[in-house]
Amino acid sequence: MLLEATELRYDFDNDIVSAVGDVQIYYEGNTLEADRVTLDRKKARLYAVGNVRMTEPGGNVITTDSLELSDDFRDGFARQLSVETVQRTRFTAESAERKDGETTTFNNGIYTVYTKPTNPPDKPPLWRIKATKIIHNQKERTVYYQGGRLEFWGVPIAYLPFMSHPDPTVKRKSGFLMPTTVYDDKVGVGVSVPYFWVLGPDKDLTFTATPLSKQGPLLEAMWRQRLDNGDYSISLAGIHQAKPENFSGSSGDREWRGLVNTKGEFTINERWKWGWDLSRMSDRAFVKDYNIDSDSDSLTSSVYLTGRSERNYFDIHAYAFQITQEDDPDDTDPNASSEFSKVGANLQDKQPIVHPVIDYGYVWDNPVVGGELSFAGNLTSLTRNETDAFAYAGVNRFRGVEGTFTRTSVQAQWRRTLIDPLGQMFTPFAYAKADLYFLQSADKNVSTLTDEAFVARAMPAIGLEYRYPFLITAGRTSHVIEPIAQIIVRPSEQRIGELPNDDAQSLVFDDTNLFQWDKFSGYDRTEGGTQANVGLQYKGQFQGLGSVNAMIGRSFHIAGRNSYATADVLATGANSGLESDDSDYVSRIYFNTNLGLRFGARARFDNDDLAVRRAEIQASGTRGPLSASLGYAFLGKKPAQGIDDDREEILGAGSLRLLTNWRVFGSVRYDLRNSTTVRDAVGFGYDDEGFSASLAYAEDRSRNDGTPVDKTIYLRVGLRTLGDTQLSTDADR
């Protein structure tokens, strides 16, 4: 024990020692401060009075006017005290007593979280729990309440005859979690009550029961375990529906419904890891009907192995997909004349099983002929049970073809950058690609595909890129103007339209891929012919006024067959802006004021009349209490893909902070072509250090299939250290 005080007084007759004036006592991690501390040796008790402040070994701070302690600081008693924890929670009480060094009983006590330092000290906190007795068992690390009530702004809103929760030091403890409320016209009203069971420092189980007034109990369970080199989980959900007819017309019209999912990831060493994410549900609509994963259009199952170092990588994935969309056999093209006209039928059978896709990349450590040499490889093998096709204006388009297809692709590339005395940058490059296809198609109706079982193709290329950046400084501004030119010489692409296209279906020509050597998104297509890409880039820095980044450019097909003008099984290159010898113009501009306002836009303009074919504009900013963003998108029609009309939308969102903790927010997505609001939402919320709440109302018309507008009310309430609860319900039911 270390004792500091202005003076010590000894009463030898009564065996009492008193420390008076600025007393500080340090004992086994405890710090006791007071105006006066008296030690009664006969009773083995300490009595501290006047501005008493005691800091415990764990960091908790007790403040009171008088405190009685055992001489080993184990037990004690105090009146009108406050206990502040390191987790920023507070206990106050008329009196408190600690016994056995581990159980503290607060009489007429209050539990809450810290208020902000700027709040008046006598102002009641936003929320608190008042109770006749609050018992804090430090060994169990649990807080118990007897005769309690939950108050907001000092007004009782809920009575809690008996309640308990883990103390603020606990990260994981068995017990009930905050319940959530459920309401839906088809499932009824219910309350989800989760129970969290800690089975050890490395594993736990969460069991959730949701009794539903119309369908019976929905049961869910999740097992989690952490091992030395990773962790995994297993989740189950199931219900025996009392009224399956409520889902008449969908796959949910059945008695037993459920879902199983397991995830895991394990580290082999510092470079290698493997894992899985596997899901299976009884029917397509289960996750959406019971709001388990309603934002996803499919459940993706995968198993993988990944390795990565500074200069190379390896990745192998196997995939399977279970969609959540229902079949629509009536969704047909009235102008179609083939058996492929049905778009919606047998959607699940059209999903491929990928077994597997392998990617490998390697970059040589040392320069080769003064440049960088790299290698990349890909193997993709998949099986589809039914051809995924549609017909537009009597022409068949294929997203996927029935059968098994395996493709092995390799690519080697070399490049080197040379800078002359004038600052001009010359980058010669070369690459070579090779593909081997193994085709086992059972669909004889797809006449465009080759009937060969084995196909090989190759694509060599050489090229040169030229850049000449000009640096200009004027006063407090700097500018970089950089012309860029690139030419790639290669033969024409082989076997266009004769091979399946699964991984190169997406093609968006814009500023981001203008100077890519191959603008296709995957290996199934490869750009051919001699192509030139040119552009002009500008970067400006304006001290105190922000920065600007802009570019404009286009592409020219010089010789050979234009890969984008020759249709494959899906007409991928059509309407892309690259199908003519002189491509459309692509551009971008970004402006950052450095004052909270940012603006960005990119657009594609027609090569003949400069008509806008695609445009995206985004502005966002924060100024004082207001944060807002506004976006605009224009997508030109693509007749070859069955999109006959232009699409044009605006998307806005904003949040306005009112007072210190209150805010209102909203968002809207509006279809300008059809003069229709696609989605909109509005709400308000409250946030501070210990409490958060939000109430929002949203409408969704994006399905556009004749179904009623989805109207949702969403309420969320969170109390720090106690948990969150929420309620989501359909407003039109």
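**Cavities and rings**

The second largest cavity has a volume of about 40 Å³. A cavity here is a set of points on a 1 Å grid over the protein atoms alone, where a 1.4 Å probe fits but cannot get out. Grid points are joined across faces, edges and corners, and the volume is the space filled by probe spheres set on the points. This is a predicted model: local features need pLDDT of at least 70, side-chain atom pairs count only at pLDDT 80 or more, and totals for chains, interfaces and linings use all residues. Residues are numbered from 1 along each chain as its sequence is written, and side-chain values use heavy atoms, with hydrogens and water left out.

Lining residues have an atom within 4 Å of a cavity point. For the second largest cavity they include Arg457, Glu493, Arg495, Asp524 and Arg525. By class, this lining has three nonpolar, three polar and five charged residues. Ala, Val, Leu, Ile, Met, Phe, Trp, Tyr, Cys and Pro count as nonpolar; Asp, Glu, Lys and Arg as charged; the others, Gly among them, as polar.

The structure holds three cavities of 30 Å³ or more. The largest cavity contains about 260 Å³ of space. It is lined by 20 residues, and Glu56, Ile62, Val83, Arg98 and Thr104 are the closest to its centre. Strand 6 (61-70), strand 7 (76-84), strand 8 (89-99) and strand 9 (103-113) each supply at least two lining residues. Strands are DSSP runs (E, at least two residues), numbered from the N terminus. Strand 7 gives the largest share, five residues. The lining of the largest cavity has 11 nonpolar, six polar and three charged residues.

Now the rings. The structure holds 27 aromatic pairs. Rings of Phe, Tyr and Trp (its six-membered ring) pair if their centres lie within 6.5 Å; planes under 30 degrees apart count as stacked, over 60 as edge-to-face and the rest as tilted. Phe91 and Tyr111 form a tilted pair, 5.1 Å centre to centre with 50° between the planes. Phe91 is in strand 8 and Tyr111 in strand 9, 20 residues apart. Tyr319 and Phe321 form a stacked pair, 6.2 Å centre to centre with 10° between the planes. Tyr319 counts as partly exposed because its relative accessibility is 26%. Ring pairs also link Phe91, Phe106, Tyr111, Trp127 and Tyr145 into a cluster.

Note on methods
1 Å grid on protein atoms, 1.4 Å probe; cavity = no way out; pocket = protein on both sides within 12 Å on 5 of 7 lines; lining within 4 Å. Helix = DSSP H or I, 4+ residues; strand = E, 2+ residues; numbered from the N terminus. Buried < 20%, exposed > 50% of the residue type's maximum accessible area, 1.4 Å probe, protein only.
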